[in-house]
Amino acid sequence: MLRLPQYYRDDKNQVTPHKSASLRKSCLTWKRLLAISLFLMLSVAFTAPKSLTSRLGFKFPLLRCGIHTPQDLGGLPTHYTLSSGSRIPSIALGVWRAPKDQTVTAVKTALDSGYRHIDGAWVYRNEEEVGQALKEGNVKREDVWLTSKLWNNFHAPEDIEPALDDSLKKLGTDYLDLYIIHWPLAIPKDEKPANYDKELTANPYPTWQKLEEMVAKGKVRNIGVSNFNIRRLQNLTANPLKIQPAVNQVEINFWFPQIEMLEYSKKTGILLEAYSPLGSAERVTESLNVQEVKEVAEELGMTPAQVLIAWHIQRGTVVLPKSVTPSRVTENIHLKKLSEEAFDKIEKAARAHKPQRGSNPSQNWGLDFDIFE
Ligand SMILES: NC(=O)c1ccc[n+]([C@@H]2O[C@H](COP(=O)([O-])OP(=O)(O)OC[C@H]3O[C@@H](n4cnc5c(N)ncnc54)[C@H](OP(=O)(O)O)[C@@H]3O)[C@@H](O)[C@H]2O)c1
């Protein structure tokens with residue numbers, strides 16, 4: 001192959017780089033520069049913290065080092081299969097009482113920590129913030145399980161779709177993974193709880209039929225209930241339902257372990273979701289100081305909150321811990337399976353005292369009956 005000389009002597013007999021050689025040299029320099037910039041860009045995209053990559057304009061950092069993956073809950077089941085066939089993640093971030101100005105950070109921290117399930121509701125008044133976090137976060141919509149709840153004032157069939165559409169709009173999505181009847185209480189649209197609709201509360205079949213229609217329309221993938229006792233579940237399911245309730249979301253924690261409901265759920269296949277799993281804000285400190293919980297935590301090198309959350313999942317329920325404190329959001333999903341002995345110790349202690357329900361709004365709402373009776 002003919003090779004160009006790299007240098008030649010000019011008319012003053014000085015050694016000068018040949019034009020083509022200097023051109024080749026500058027090309028080489030450019031190539032090197034290009035390679036170095038490419039290397040730097042890829043390094044940032046692959047390894048830099050998400051906050052930096054998004055500021056630099058990368059929508060999806062390719063690799064997030066050290067970030068907990070949703071597939072790893074230390075041997076605990078990461079999902080349950082619902083009667084519909086859908087797979088629901090076993091742990092969610094709850095956002096009740098999450099102030100608007102802390103919700104975006106809490107949800108984004110949750111997604112970065114491996115949560116793929118957010119438990120919200122129309123009445124929590126932070127659906128727009130949840131939607132913003134989902135939009136700005138680095139997880140695709142289809143990889144997140146999104147739950148919302150139908151508020152008491154919208155049980156009349158004609159009020160359901162507008163209420164659902166409002167939640168969808170605020171959340172910035174065109175479907176929910178799960179839509180739940182928040183309470184077994186139908187209040188006409190602009191009425192107070194005390195003026196509830198007795199007929200629709202006694203038999204919410206018309207409400208349920210409309211929810212079934214929402215599934216058929218593709219706006220909702222699964223439907224369920226919340227705060228239903230066994231009698232109300234039997235009452236609803238005695239109707240010719242096209243779709244069985246996928247879940248019943250109820251209070252379950254160390255103080256209120258819901259033994260009978262747990263058995264009923266296993267028998268019927270209506271999955272339980274444990275709300276206020278740490279005893280809610282009112283009793284969380286007390287829950288984390290239970291002697292047996294502290295002993296297991298020390299023995300297994302976990303925090304008391306992690307022990308309680310793992311205990312819930314080992315009981316076969318979805319667990320919905322709420323926190324707006326980023327370090328706690330992350331702590332609550334770094335779990336591992338309790339040994340059989342440790343699990344039994346907590347279960348025995350939870351069954352040893354009289355069940356104590358934390359929250360019952362019947363009186364505050366001025367109802368003439370106890371909503372849980
Ligand atoms: N369907 C219903 O009617 C219903 C009713 C109630 C709740 N829920 C659902 O269940 C979710 C959870 O229930 P919840 O909010 O009542 O109670 P929770 O999750 O049992 O407790 C939340 C409280 O615990 C604190 N906390 C969380 N993790 C902690 C940790 N690792 N260490 C120390 N403190 C910690 C939180 O504080 P910070 O936030 O300050 O960190 C907050 O004060 C709700 O957000 C909602 O999604 C549903």
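I sorted the lining of the second largest pocket by class: ten nonpolar, five polar and six charged residues. My classes count Ala, Val, Leu, Ile, Met, Phe, Trp, Tyr, Cys and Pro as nonpolar, Asp, Glu, Lys and Arg as charged, and the others, Gly among them, as polar. This is a predicted model, where local features need pLDDT of at least 70 and side-chain atom pairs count only at pLDDT 80 or more, while totals for chains, interfaces and linings use all residues. Residues are numbered from 1 along each chain as its sequence is written, and side-chain values use heavy atoms, with hydrogens and water left out.

I looked up what a pocket is: on a 1 Å grid over the protein atoms alone, an open set of points where a 1.4 Å probe fits, with protein on both sides within 12 Å along at least five of seven lines; lining residues have an atom within 4 Å of a point.

The second largest pocket has a volume of about 360 Å³. I found 21 residues in its lining, and Phe 256, Gln 258, Glu 260, Met 261 and Arg 357 lie nearest its centre. H8, H9 and helix H14 (340-352) each give two or more residues to this lining. The largest share, three residues, comes from H9. Helices here are DSSP runs (H or I, at least four residues) and strands likewise (E, at least two), numbered from the N terminus.

Next I checked H9 itself. Which residues of helix H9 are buried? They are Met 261, Leu 262, Tyr 264 and Ser 265. Buried means under 20% relative accessible area, and exposed over 50% (1.4 Å probe, protein chains only). Seen down the axis, these buried residues fall within an arc of 165°, so they line one face of H9. I noted that the arc uses directions from the helix axis to the C-beta atoms. The face turned away carries the exposed Glu 260, Glu 263, Lys 266 and Lys 267. The buried residues of H9 pack against helix H8 (230-237), strand E10 (247-251) and strand E11 (271-275), with contact meaning heavy atoms within 4.5 Å. Just after H9, Gly 269 takes a positive phi of about 80°.

I followed E10 next. Five of its five residues are buried. Strand E9 (residues 223-226) pairs with E10 in the parallel sense over two bridges; pairing needs at least two bridges found by DSSP. Val 225 stands opposite Asn 248 in E10.

Terms used:
Points joined across faces, edges and corners; volume = space filled by probe spheres on them.
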